[in-house]
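Dear colleague,

I am handing over the structure we spoke about, with the sequence alongside. Please have a look at it before reading on; my notes follow below.

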Amino acid sequence: NAGRNVGLGMRGGEIHISGDGGDDLGCEMRGGTIRVAGSVGDRLGGARCGASLGMNGGVILVDGNAGLEVGLRMRRGLIAIGGNAGSLVGHGMLAGTIVVYGNCGAHAGVGMKRGTLFLLGATCEPLPATFRFGSVCTSPILPLTEKTLIRQGFHPPGLNAPGRYDLYHGDFLSLGRGEVVRRVAGGGNGTGTVPAN
């Protein structure tokens, strides 16, 4: 297992953790790859207290679960979580991509300006009311993202699973150009409302 701040400000190379990682893993990284076989703490790929930017490039792959505020103020890069994630995924996100294959906590995407969240678990807490339903769709971006994950040797449960998706735009209290794509069992709901699950 590894403690806090592994990969802080990393600009290249690779880090492989065969156990669990602590809080602030990959904070403010600029490049390279971090691979965690276990679970991680809070603020994965995020910004430290008082910092304006989180992760600004690179790839973080976590086979297990992640804590709160994954991708806090993330600017670019890719984070993929094979298990569950806590609340506030993509909080204040500026750009980049986050993929969560397990369940996701409350307030995903709150304050995001741009970027894409893929929430692919069986259940997910309601999105903030400041997100607007866009469409029921098949996602053209997800297969490209998953090809990247496969090239990295990342094969979480649910990879390449068939399904329909609901697309939401927001956060409209911020710039409102972010996207949240949620997998919907049995097809999209087509209601134009943010669902409870």
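What share of the accessible surface of the protein chain belongs to carbon and sulfur atoms? In this model, which is predicted, the accessible surface comes to about 8200 Å², and 51% of that belongs to carbon and sulfur atoms.

As for the overall fold, the protein chain has one helix and nine strands, and along the sequence these follow the pattern β-β-β-β-β-β-β-α-β-β. The radius of gyration is 15 Å, close to the 16 Å that the globule rule gives for 197 residues, so the chain is as compact as a globular protein of that length. Its C-alpha atoms fill a box of roughly 45 × 35 × 25 Å along the principal axes, and buried residues make up 54% of the 197 residues. Of the contacts with a separation of 6 or more, 39% are between residues 24 or more positions apart.

I then turned to helix α1, residues 141-151, in which Leu 142, Thr 145, Glu 146 and Leu 149 are buried. These residues cover an arc of only 100° around the axis, which puts them on the same side of α1. Their cover includes β3 (56-62), β4 (76-81), β5 (97-100), β6 (116-119) and β8 (164-170), whereas the face of α1 turned away from the buried side carries the exposed residues Leu 144, Lys 147 and Arg 151. Just after α1, Gly 153 takes a positive phi of about 80°.

Lastly, on charge, the mean positions of the 18 positive and 13 negative charges of the protein chain are 9 Å apart.

How values were computed
Residues numbered from 1 in each chain as written. Predicted model: local features only at pLDDT ≥ 70, side-chain atom pairs only at ≥ 80, totals over all residues. Heavy atoms only, no water. Helix = DSSP H or I, 4+ residues; strand = E, 2+ residues; numbered from the N terminus. Rg over C-alpha atoms; globule rule 2.2 N^0.38 Å. Buried < 20%, exposed > 50% of the residue type's maximum accessible area, 1.4 Å probe, protein only. Contact = heavy atoms within 4.5 Å. Areas by Shrake-Rupley, 256 points an atom, 1.4 Å probe, with all protein chains shown as cover. Lys, Arg positive; Asp, Glu negative; His and termini not counted. Charge placed at Lys NZ, Arg CZ, Asp CG, Glu CD. Arc of directions from axis to C-beta.
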